Amino acid sequence: MIKKLNSLNFKKTTALCLALICSVSVGSFCVSAAAEKVNSTKKTANAANMISGLLEYIKNSNESKSDSSASNTYDTSIKIYFHKEEIVKEMELDEYISGVVYAEVPESYSIEALKAQAIAARSYTLYKIKNGITHPNGADVCTDYTHCQAWNPREKDSDYPESIKKAVKETQNTIITYDGECINALYFSNSAGMTESAENVWEGSSYPYLKSVYSPGESEFPDFCQVKNFTFYEFLQSIENYSEDITCDADAGVSNIQNIKRSPSGRILSAEIGGKIFTGLQIRAMFSLRSSNIYFTQNDSGISIVALGYGHGVGMSQCGAQAMAKTGSNYIEILKHYYPGTELCQIDFNL
(Lines give C-alpha, C1' and ligand atoms only; values in the text may rest on other atoms or scores of the structure.)
Protein backbone atom coordinates (compact mmCIF):
# COMPACT_ATOMS: atom_id res chain seq x y z
CA MET A 1 0.00 0.00 0.00
CA ILE A 2 1.19 3.51 -0.73
CA LYS A 3 2.62 5.08 2.39
CA LYS A 4 1.18 8.52 3.29
CA LEU A 5 3.80 11.18 4.02
CA ASN A 6 3.54 14.76 5.15
CA SER A 7 3.50 16.82 1.93
CA LEU A 8 6.22 19.18 3.12
CA ASN A 9 8.51 16.31 4.08
CA PHE A 10 7.81 14.65 0.74
CA LYS A 11 8.77 17.82 -1.16
CA LYS A 12 11.98 18.12 0.86
CA THR A 13 12.83 14.46 0.29
CA THR A 14 12.16 14.71 -3.46
CA ALA A 15 14.30 17.83 -3.72
CA LEU A 16 17.13 16.08 -1.88
CA CYS A 17 16.81 13.04 -4.15
CA LEU A 18 17.07 15.17 -7.25
CA ALA A 19 20.08 17.04 -5.90
CA LEU A 20 21.89 13.84 -4.97
CA ILE A 21 21.04 12.19 -8.25
CA CYS A 22 22.39 15.13 -10.23
CA SER A 23 25.58 15.07 -8.15
CA VAL A 24 26.38 11.55 -9.34
CA SER A 25 25.35 12.15 -12.96
CA VAL A 26 22.47 9.72 -13.18
CA GLY A 27 19.83 12.12 -14.45
CA SER A 28 19.61 10.17 -17.69
CA PHE A 29 17.94 7.36 -15.77
CA CYS A 30 15.10 9.60 -14.53
CA VAL A 31 12.79 9.28 -17.47
CA SER A 32 9.75 11.35 -18.16
CA ALA A 33 7.98 10.40 -21.36
CA ALA A 34 4.39 10.42 -22.52
CA ALA A 35 2.69 7.07 -22.10
CA GLU A 36 2.38 5.13 -25.34
CA LYS A 37 -1.17 5.29 -26.69
CA VAL A 38 -2.66 1.81 -26.87
CA ASN A 39 -5.78 0.54 -28.54
CA SER A 40 -8.65 -0.94 -26.54
CA THR A 41 -9.03 -4.69 -26.69
CA LYS A 42 -12.18 -6.64 -27.46
CA LYS A 43 -13.24 -8.77 -24.51
CA THR A 44 -13.26 -12.46 -25.30
CA ALA A 45 -16.59 -13.93 -24.28
CA ASN A 46 -15.23 -17.30 -23.28
CA ALA A 47 -11.66 -17.96 -22.14
CA ALA A 48 -12.30 -21.44 -20.74
CA ASN A 49 -10.75 -23.29 -23.69
CA MET A 50 -7.72 -20.99 -23.68
CA ILE A 51 -6.74 -21.49 -20.05
CA SER A 52 -5.92 -25.16 -19.88
CA GLY A 53 -6.76 -26.85 -16.61
CA LEU A 54 -7.50 -23.64 -14.69
CA LEU A 55 -11.26 -23.95 -14.39
CA GLU A 56 -11.23 -27.61 -13.49
CA TYR A 57 -8.75 -26.94 -10.70
CA ILE A 58 -10.98 -24.31 -9.14
CA LYS A 59 -14.19 -26.23 -9.73
CA ASN A 60 -12.79 -29.30 -7.99
CA SER A 61 -10.86 -27.48 -5.26
CA ASN A 62 -13.58 -28.12 -2.67
CA GLU A 63 -14.95 -31.60 -3.23
CA SER A 64 -17.08 -31.47 -0.11
CA LYS A 65 -19.50 -29.06 -1.75
CA SER A 66 -20.98 -31.59 -4.13
CA ASP A 67 -24.41 -29.92 -4.01
CA SER A 68 -23.09 -26.84 -5.84
CA SER A 69 -21.61 -29.05 -8.57
CA ALA A 70 -24.93 -30.79 -9.00
CA SER A 71 -26.65 -27.47 -9.64
CA ASN A 72 -24.01 -26.58 -12.28
CA THR A 73 -23.02 -23.55 -10.20
CA TYR A 74 -19.41 -24.16 -9.36
CA ASP A 75 -17.65 -23.33 -6.15
CA THR A 76 -14.99 -20.69 -6.86
CA SER A 77 -13.47 -20.61 -3.40
CA ILE A 78 -9.72 -20.74 -2.98
CA LYS A 79 -7.51 -21.78 -0.09
CA ILE A 80 -5.48 -19.05 1.60
CA TYR A 81 -2.61 -19.59 4.02
CA PHE A 82 -2.59 -16.95 6.77
CA HIS A 83 1.12 -16.82 7.50
CA LYS A 84 0.90 -15.06 10.85
CA GLU A 85 -1.71 -17.43 12.28
CA GLU A 86 -0.29 -20.42 10.33
CA ILE A 87 -3.75 -21.60 9.30
CA VAL A 88 -5.57 -22.16 6.02
CA LYS A 89 -8.98 -20.66 5.29
CA GLU A 90 -11.28 -20.86 2.30
CA MET A 91 -13.01 -17.86 0.77
CA GLU A 92 -14.56 -16.82 -2.51
CA LEU A 93 -12.04 -15.68 -5.10
CA ASP A 94 -13.37 -12.12 -5.35
CA GLU A 95 -13.64 -11.73 -1.58
CA TYR A 96 -9.92 -12.48 -1.52
CA ILE A 97 -9.31 -10.05 -4.40
CA SER A 98 -11.18 -7.30 -2.53
CA GLY A 99 -8.82 -7.75 0.41
CA VAL A 100 -5.80 -7.64 -1.88
CA VAL A 101 -6.88 -4.39 -3.57
CA TYR A 102 -7.70 -2.90 -0.16
CA ALA A 103 -4.20 -3.74 1.08
CA GLU A 104 -2.24 -2.91 -2.04
CA VAL A 105 -3.48 0.56 -3.07
CA PRO A 106 -5.37 3.48 -1.47
CA GLU A 107 -9.15 3.32 -1.80
CA SER A 108 -8.98 6.95 -3.01
CA TYR A 109 -7.29 5.91 -6.26
CA SER A 110 -9.17 6.50 -9.50
CA ILE A 111 -11.65 3.76 -10.34
CA GLU A 112 -9.75 2.82 -13.50
CA ALA A 113 -6.55 2.28 -11.50
CA LEU A 114 -8.48 0.22 -8.94
CA LYS A 115 -9.96 -1.90 -11.73
CA ALA A 116 -6.50 -2.46 -13.19
CA GLN A 117 -5.28 -3.54 -9.74
CA ALA A 118 -8.21 -5.92 -9.26
CA ILE A 119 -7.61 -7.61 -12.62
CA ALA A 120 -3.85 -7.85 -12.06
CA ALA A 121 -4.40 -9.36 -8.60
CA ARG A 122 -6.94 -11.86 -9.94
CA SER A 123 -4.66 -12.85 -12.81
CA TYR A 124 -1.67 -13.24 -10.51
CA THR A 125 -3.72 -15.46 -8.18
CA LEU A 126 -5.03 -17.71 -10.95
CA TYR A 127 -1.59 -17.93 -12.55
CA LYS A 128 -0.23 -19.37 -9.30
CA ILE A 129 -3.14 -21.81 -9.10
CA LYS A 130 -2.77 -22.92 -12.70
CA ASN A 131 0.96 -23.48 -12.33
CA GLY A 132 0.59 -25.49 -9.12
CA ILE A 133 2.43 -23.01 -6.91
CA THR A 134 1.19 -24.17 -3.53
CA HIS A 135 1.75 -23.18 0.09
CA PRO A 136 1.59 -25.00 3.45
CA ASN A 137 -1.32 -27.42 3.81
CA GLY A 138 -2.15 -27.19 0.11
CA ALA A 139 -3.14 -23.50 0.11
CA ASP A 140 -3.30 -21.71 -3.22
CA VAL A 141 -1.95 -18.36 -2.02
CA CYS A 142 -0.77 -16.74 1.19
CA THR A 143 -1.14 -13.38 2.94
CA ASP A 144 2.61 -12.67 3.08
CA TYR A 145 3.22 -9.81 0.64
CA THR A 146 6.88 -10.78 0.27
CA HIS A 147 5.77 -14.10 -1.23
CA CYS A 148 2.33 -13.47 -2.75
CA GLN A 149 0.15 -10.40 -2.28
CA ALA A 150 -0.73 -8.18 0.65
CA TRP A 151 -4.21 -8.83 2.07
CA ASN A 152 -6.23 -6.83 4.58
CA PRO A 153 -9.46 -8.28 5.99
CA ARG A 154 -12.80 -6.71 6.78
CA GLU A 155 -15.38 -8.35 9.02
CA LYS A 156 -17.41 -9.16 5.94
CA ASP A 157 -17.05 -8.55 2.23
CA SER A 158 -19.68 -5.79 2.23
CA ASP A 159 -17.51 -3.74 4.62
CA TYR A 160 -14.92 -2.92 1.99
CA PRO A 161 -14.91 0.68 0.68
CA GLU A 162 -17.39 1.36 -2.11
CA SER A 163 -14.64 2.20 -4.59
CA ILE A 164 -13.00 -1.19 -4.09
CA LYS A 165 -16.28 -3.13 -4.20
CA LYS A 166 -17.12 -1.34 -7.45
CA ALA A 167 -13.72 -2.09 -9.02
CA VAL A 168 -13.90 -5.80 -8.14
CA LYS A 169 -17.55 -6.22 -9.14
CA GLU A 170 -17.21 -4.44 -12.48
CA THR A 171 -14.21 -6.57 -13.43
CA GLN A 172 -15.62 -9.85 -12.15
CA ASN A 173 -14.05 -12.92 -13.79
CA THR A 174 -11.78 -10.71 -15.95
CA ILE A 175 -8.17 -11.82 -16.29
CA ILE A 176 -5.15 -10.91 -18.43
CA THR A 177 -3.94 -13.45 -20.98
CA TYR A 178 -1.01 -13.81 -23.34
CA ASP A 179 -1.19 -16.32 -26.17
CA GLY A 180 -4.26 -17.86 -24.55
CA GLU A 181 -2.79 -18.33 -21.08
CA CYS A 182 -3.34 -16.44 -17.84
CA ILE A 183 -0.28 -14.28 -17.22
CA ASN A 184 2.03 -13.92 -14.25
CA ALA A 185 0.70 -10.41 -13.54
CA LEU A 186 3.47 -9.05 -11.34
CA TYR A 187 3.10 -5.54 -10.00
CA PHE A 188 4.78 -3.16 -7.55
CA SER A 189 4.49 0.38 -6.20
CA ASN A 190 6.66 2.80 -8.21
CA SER A 191 9.16 2.39 -11.06
CA ALA A 192 10.64 5.93 -10.95
CA GLY A 193 9.89 6.35 -14.64
CA MET A 194 10.67 3.02 -16.29
CA THR A 195 9.69 -0.53 -15.40
CA GLU A 196 12.12 -3.43 -15.59
CA SER A 197 12.26 -6.57 -17.70
CA ALA A 198 11.81 -9.71 -15.63
CA GLU A 199 15.06 -11.31 -16.77
CA ASN A 200 17.05 -8.35 -15.43
CA VAL A 201 15.69 -8.97 -11.93
CA TRP A 202 15.45 -12.76 -11.80
CA GLU A 203 17.92 -14.46 -14.09
CA GLY A 204 16.22 -16.96 -16.38
CA SER A 205 12.73 -15.53 -15.79
CA SER A 206 11.89 -14.16 -19.22
CA TYR A 207 8.29 -13.35 -20.12
CA PRO A 208 7.29 -11.61 -23.39
CA TYR A 209 4.75 -9.46 -21.52
CA LEU A 210 7.07 -8.47 -18.65
CA LYS A 211 9.33 -6.08 -20.56
CA SER A 212 10.57 -2.62 -19.64
CA VAL A 213 8.19 0.24 -20.54
CA TYR A 214 8.10 3.96 -19.75
CA SER A 215 5.98 4.93 -16.76
CA PRO A 216 5.67 8.73 -16.52
CA GLY A 217 3.97 10.70 -13.76
CA GLU A 218 5.42 8.73 -10.83
CA SER A 219 7.53 11.54 -9.34
CA GLU A 220 4.32 12.94 -7.82
CA PHE A 221 4.13 10.03 -5.37
CA PRO A 222 5.98 9.56 -2.05
CA ASP A 223 7.27 6.16 -3.17
CA PHE A 224 9.28 7.78 -5.98
CA CYS A 225 12.46 8.31 -3.98
CA GLN A 226 14.21 7.23 -0.79
CA VAL A 227 17.32 8.77 0.77
CA LYS A 228 19.31 7.03 3.51
CA ASN A 229 22.32 8.60 5.20
CA PHE A 230 25.13 6.51 6.68
CA THR A 231 28.25 7.29 8.65
CA PHE A 232 31.33 5.63 7.17
CA TYR A 233 31.19 3.04 9.96
CA GLU A 234 27.47 2.30 9.37
CA PHE A 235 28.11 1.92 5.64
CA LEU A 236 30.83 -0.68 6.17
CA GLN A 237 28.80 -2.44 8.83
CA SER A 238 25.87 -2.85 6.43
CA ILE A 239 28.18 -4.51 3.91
CA GLU A 240 29.94 -6.76 6.41
CA ASN A 241 26.71 -7.76 8.16
CA TYR A 242 25.32 -8.92 4.81
CA SER A 243 28.40 -10.94 3.88
CA GLU A 244 30.96 -11.67 6.56
CA ASP A 245 33.71 -12.76 4.17
CA ILE A 246 33.96 -9.36 2.44
CA THR A 247 37.09 -7.34 3.08
CA CYS A 248 36.55 -3.59 2.63
CA ASP A 249 38.84 -0.62 2.94
CA ALA A 250 37.65 1.49 5.86
CA ASP A 251 39.02 4.64 4.23
CA ALA A 252 37.62 4.00 0.75
CA GLY A 253 33.93 4.71 1.45
CA VAL A 254 31.82 4.30 -1.68
CA SER A 255 34.95 3.36 -3.63
CA ASN A 256 34.50 -0.09 -2.10
CA ILE A 257 31.73 -0.52 -4.67
CA GLN A 258 33.21 -0.99 -8.14
CA ASN A 259 32.18 -1.98 -11.68
CA ILE A 260 28.49 -1.14 -11.32
CA LYS A 261 26.49 -2.46 -14.26
CA ARG A 262 22.99 -1.10 -14.87
CA SER A 263 20.02 -1.99 -17.03
CA PRO A 264 18.53 0.67 -19.36
CA SER A 265 16.07 1.55 -16.57
CA GLY A 266 18.95 2.47 -14.25
CA ARG A 267 18.62 -0.47 -11.87
CA ILE A 268 21.80 -2.18 -10.78
CA LEU A 269 22.35 -5.52 -12.48
CA SER A 270 25.59 -6.27 -10.65
CA ALA A 271 28.45 -4.60 -8.79
CA GLU A 272 31.73 -5.66 -7.22
CA ILE A 273 32.16 -5.15 -3.48
CA GLY A 274 35.31 -6.32 -1.73
CA GLY A 275 36.21 -8.54 -4.66
CA LYS A 276 32.81 -10.29 -4.77
CA ILE A 277 29.99 -9.81 -7.29
CA PHE A 278 26.51 -8.94 -5.98
CA THR A 279 23.21 -8.50 -7.82
CA GLY A 280 21.08 -5.40 -7.56
CA LEU A 281 18.59 -7.30 -5.39
CA GLN A 282 21.38 -8.26 -3.01
CA ILE A 283 22.65 -4.68 -2.77
CA ARG A 284 19.09 -3.51 -2.15
CA ALA A 285 18.84 -5.98 0.74
CA MET A 286 22.32 -5.10 1.96
CA PHE A 287 21.29 -1.52 2.69
CA SER A 288 17.56 -2.18 3.33
CA LEU A 289 16.44 -0.07 0.36
CA ARG A 290 13.13 0.18 -1.50
CA SER A 291 14.50 -0.72 -4.93
CA SER A 292 17.65 -1.71 -6.83
CA ASN A 293 17.75 1.61 -8.71
CA ILE A 294 20.51 2.79 -6.37
CA TYR A 295 23.01 5.63 -6.40
CA PHE A 296 25.79 6.53 -3.97
CA THR A 297 27.35 9.86 -3.06
CA GLN A 298 29.91 10.75 -0.41
CA ASN A 299 30.90 13.84 1.57
CA ASP A 300 33.06 14.57 4.60
CA SER A 301 30.40 13.44 7.08
CA GLY A 302 29.38 10.17 5.46
CA ILE A 303 27.57 8.50 2.57
CA SER A 304 24.10 9.07 1.16
CA ILE A 305 22.28 6.40 -0.79
CA VAL A 306 19.40 7.25 -3.11
CA ALA A 307 16.94 4.54 -4.16
CA LEU A 308 14.52 5.48 -6.93
CA GLY A 309 11.13 3.78 -7.02
CA TYR A 310 9.68 1.14 -4.73
CA GLY A 311 9.61 -2.57 -5.48
CA HIS A 312 11.14 -4.98 -7.99
CA GLY A 313 9.97 -2.88 -10.94
CA VAL A 314 8.51 -5.73 -13.02
CA GLY A 315 4.99 -5.53 -14.47
CA MET A 316 2.47 -2.87 -13.50
CA SER A 317 3.46 0.18 -11.50
CA GLN A 318 0.63 1.02 -9.09
CA CYS A 319 1.63 4.69 -9.00
CA GLY A 320 1.98 4.66 -12.78
CA ALA A 321 -1.49 3.14 -13.14
CA GLN A 322 -2.93 5.95 -11.03
CA ALA A 323 -0.99 8.57 -13.03
CA MET A 324 -2.37 7.12 -16.29
CA ALA A 325 -5.91 7.01 -14.87
CA LYS A 326 -5.67 10.67 -13.83
CA THR A 327 -4.77 11.63 -17.40
CA GLY A 328 -7.77 9.77 -18.85
CA SER A 329 -6.59 6.20 -19.52
CA ASN A 330 -9.02 3.39 -18.75
CA TYR A 331 -8.12 0.09 -17.10
CA ILE A 332 -7.74 -1.69 -20.44
CA GLU A 333 -5.22 0.87 -21.66
CA ILE A 334 -3.36 0.74 -18.36
CA LEU A 335 -3.04 -3.05 -18.36
CA LYS A 336 -2.08 -3.30 -22.04
CA HIS A 337 0.60 -0.67 -21.47
CA TYR A 338 2.25 -2.43 -18.54
CA TYR A 339 1.75 -5.95 -19.94
CA PRO A 340 2.56 -5.52 -23.68
CA GLY A 341 0.90 -7.89 -26.11
CA THR A 342 -1.74 -9.13 -23.68
CA GLU A 343 -5.53 -9.37 -23.98
CA LEU A 344 -8.32 -9.26 -21.41
CA CYS A 345 -10.61 -12.27 -21.21
CA GLN A 346 -13.72 -13.26 -19.29
CA ILE A 347 -13.80 -16.65 -17.58
CA ASP A 348 -17.17 -18.38 -17.51
CA PHE A 349 -17.06 -20.46 -14.34
CA ASN A 350 -20.38 -22.11 -15.14
CA LEU A 351 -19.11 -24.00 -18.16
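Modeller: Helices (H or I, at least four residues) and strands (E, at least two) are DSSP runs, numbered from the N terminus. Keep in mind that this is a predicted model: local features need pLDDT of at least 70, side-chain atom pairs count only at pLDDT 80 or more, and totals for chains, interfaces and linings use all residues. Residues are numbered from 1 along each chain as its sequence is written, and side-chain values use heavy atoms, with hydrogens and water left out.

Biologist: Is Ser301 buried or exposed?

Modeller: Ser301 is exposed, because its relative accessible area is 59%. Buried means under 20% relative accessible area, exposed over 50%, and partly exposed in between (1.4 Å probe, protein chains only).

Biologist: What does Ser301 touch?

Modeller: Leaving out residues up to four places away in sequence, Ser301 touches Phe230, Thr231 and Phe232. Contact here means heavy atoms within 4.5 Å. From C-alpha to C-alpha, Ser301 and Asn229 are 9.6 Å apart in space, and 72 residues apart in sequence.

Biologist: And which side chain makes a polar contact with the side chain of Ser301?

Modeller: That's Asn299, at 2.8 Å. A polar contact is a pair of N or O atoms within 3.5 Å; within protein, one must be able to donate a hydrogen and the other to accept it, and residues adjacent in sequence count only if both atoms are side-chain atoms.

Biologist: Okay, new topic. Where is Ser329?

Modeller: Ser329 is in the loop between helix 10 (318-326) and helix 11 (331-338). With a relative accessible area of 15%, Ser329 is buried. Its contacts, not counting residues up to four places away in sequence, are Glu112, Met324 and Ile334.

Biologist: Now the helices. At what angle do helix 5 and helix 10 cross?

Modeller: Roughly 140°, and their axes come within 8 Å. Axes are lines fitted to C-alpha atoms, for helices over the stretch in contact, and angles run from 0 to 180 degrees between N-to-C directions. So helix 5 is oblique to helix 10. Angles under 35 degrees count as roughly parallel, over 145 as roughly antiparallel, 65 to 115 as roughly perpendicular and the rest as oblique.

Biologist: Which residues make that contact between helix 5 and helix 10?

Modeller: Helix 5 brings Glu112, Ala113 and Gln117, while helix 10 brings Gln318, Ala321, Gln322 and Ala325.

Biologist: And what about helix 5 with helix 6, what's the angle there?

Modeller: Helix 5 (residues 111-130) and helix 6 (residues 162-170) pack at about 55°, with axes 8 Å apart. That angle is why these two helices, helix 5 and helix 6, are oblique to each other. On the helix 5 side, the contact includes Ile111, Leu114 and Ala118, and on the helix 6 side Ile164, Ala167 and Val168 are among the residues.

Biologist: Last one, the big picture. How many helices and strands are in the chain?

Modeller: The chain has eleven helices and 14 strands. It has 351 residues, and 53% of them count as buried. Among contacts between residues at least 6 apart in sequence, 69% join residues at least 24 apart.
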